[in-house]
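Have it open while you read.

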Amino acid sequence: MASRRKFIKNTSMAGLGLMAVPGFATQRFSAVDKINVGLIGVGLRGTNHLANLLLRKDVNVTAICDIDKDRIAIARKHITDAGGKMPKVFDANEHDYKNLLSLSDVDAVMIATPWLWHRRMTVDAMEAGKYAGVEVSASNTLEECWDLVNTHERTGTHMMILENVNYRRDILAVLNMVKQNVFGELVHFRCGYQHDLRHVKFNDGKTAYGKGVEFGEKGISESKWRTAHSVKRNADVYPTHGLGPIAVMADVNRGNRFVSMTSHATKGIGLHNYIVEHGGQEHPNAKIKFKQGDVITSTINTANGETIIITHDCNLPRPYSLGFRVQGANGLWEVDGGRMYINGTSKPHTWDDAQPWLAKYDHPLWKKYGEYALDAGHGGMDFFVLNSFVESAKQQIAPPLDAYDAAAWSAVTPLSEVSIANNGEPQDIPDFTRGLWMNRKPYEWMKEAY
């Protein structure tokens, strides 16, 4: 954060003032143009959003909501330390967020709560006329996916799924290559969420990560709610970090769409083994049968003839990877191994180091704001997704990642659950745009504004 504050100070001293700071990047906005934002959920993720919002000169944080009073206290300290005005606080019960939504001095809300609350809070926000940003995934069932779309269309209020990986530096560079047809006509993609989360799904009730084998009522932070999904659902419960970037490259919902999907799951032994290793064979949690398979593989077919393989792998020991592969008629990129091959340029049958290619096609956003963004979280991605949300909300226009995207990407969870339960039976993926995908134009990603 120190380097970002230094960035603001230096640009002001140079005479550029706030016009050099994101949020004042165009002539349409002046220093008095601000948006009032409320935060629903100020756990670890919500507090990260709060810290980044407090650095912006075009945002007032006017309200915060969380049922955990300790988290409220932490959020209030962040605001005080930043010299901000104390917001209204809503912490009475699980439905107190509705009182936040009734405030006239809240224009937009950011929702960072447990998954089961995402859809209902986002729908309630749109019903209240608040521009809504929701963490991933946005929905748990197909009915909830349709709720997001139907509410958006009925109210005319926008929502944005806050998928930060869409703004990762290598992802935007590869998207630039896709837009410039470097790979040729696109054919195949791979992606997923491959991340050892055992230390997240279990803790000792005192330390968020890395200690103990408790969850649910005896756990804290994500173990309090996230692990239950592994107990009760055999599904890819977290698809959007991988699928979101690929969907944008494939113009899904904007000239293309997901058509059908099949899913398969391995047996589930990873979480049980972790409990036994760290808590002992006699620990009560060692008797729990986890429904979720350790590795879940789904394959999507698109209307334009591409295939997308999505892998969910979070219950076994492994290094982190989102497993990206983008392949076209003229070449491909694979994130694992950091390698690229472009027909006619690369040495035949030999991989190139991807980095020179990624540097050559570095996205204008990263060229302009890369140094400023790095401290924002997740290697800078959090700055860019937040900036897109704020700028879209200020203008009350559709965001880059909208309700149709939130529905289509999140639908992987319930559809994978049904497919797995039926031995990999293909599942039709609804057309959440109701045919509008055929004429919707892709968002203008190759620009330096947001």
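1. Let's start inside. The lining of the largest cavity is made up of 9 nonpolar and 4 charged residues, with no polar ones. Keep in mind that this is a predicted model. The space in this largest cavity comes to about 80 Å³. It is lined by 13 residues, and the closest to its centre are Ala247, Val248, Val252, Arg254 and Trp445. Two elements, α10 (240–249) and α15 (403–410), each give two or more residues to that lining. In total, the structure has 6 cavities of 30 Å³ or more.

2. Next, the second largest pocket, which holds about 370 Å³ of space. There are 18 lining residues here, and Val59, Asn60, Val61, Gly84 and Lys85 are the closest to the centre. Which elements supply at least two residues each to this lining? They are α2 (44–54) and β2 (59–65). Of the elements involved, β2 gives the most, with 4 residues. By class, the lining of this pocket splits into 8 nonpolar, 4 polar and 6 charged residues.

3. Two packed helices are described by the angle between their axes and the distance between the axes. The axes of α2 and α14 (residues 381–395) come within 11 Å and cross at roughly 70°. The two helices are therefore roughly perpendicular to each other. On the α2 side, the residues in contact are Arg45, Asn48, His49, Asn52 and Leu53, and they meet Asp382, Leu386 and Val390 of α14. Sorted by class, this contact has 3 nonpolar, 3 polar and 2 charged residues.

4. β2 also belongs to a sheet. How many strands form it, and in what order? There are 6, arranged β3-β2-β1-β4-β5-β6 in an open sheet with parallel pairing. The edges are β3 (88–90) and β6 (159–161); each has a single partner strand, so one side of each is left without a neighbour in the sheet. On average, neighbouring strands are turned by 20° against each other, direction ignored.

5. Last, one strand pair from that sheet. Strands pair through backbone hydrogen bonds, in either a parallel or an antiparallel arrangement. If you want a landmark to find the pair on screen, Met110 stands opposite Gly133 in β5.

Terms used:
Residues are numbered from 1 along each chain as its sequence is written. This is a predicted model: local features need pLDDT of at least 70, side-chain atom pairs count only at pLDDT 80 or more; totals for chains, interfaces and linings use all residues. Side-chain values use heavy atoms; hydrogens and water are left out. On a 1 Å grid over the protein atoms alone, a cavity is a set of points where a 1.4 Å probe fits but cannot get out, and a pocket is an open set with protein on both sides within 12 Å along at least five of seven lines; lining residues have an atom within 4 Å of a point. Grid points are joined across faces, edges and corners, and a volume is the space filled by probe spheres set on the points. Ala, Val, Leu, Ile, Met, Phe, Trp, Tyr, Cys and Pro count as nonpolar, Asp, Glu, Lys and Arg as charged, and the others, Gly among them, as polar. Axes are lines fitted to C-alpha atoms, for helices over the stretch in contact, and angles run from 0 to 180 degrees between N-to-C directions. Angles under 35 degrees count as roughly parallel, over 145 as roughly antiparallel, 65 to 115 as roughly perpendicular and the rest as oblique. Contact means heavy atoms within 4.5 Å. Two strands pair if DSSP finds at least two bridges between them.
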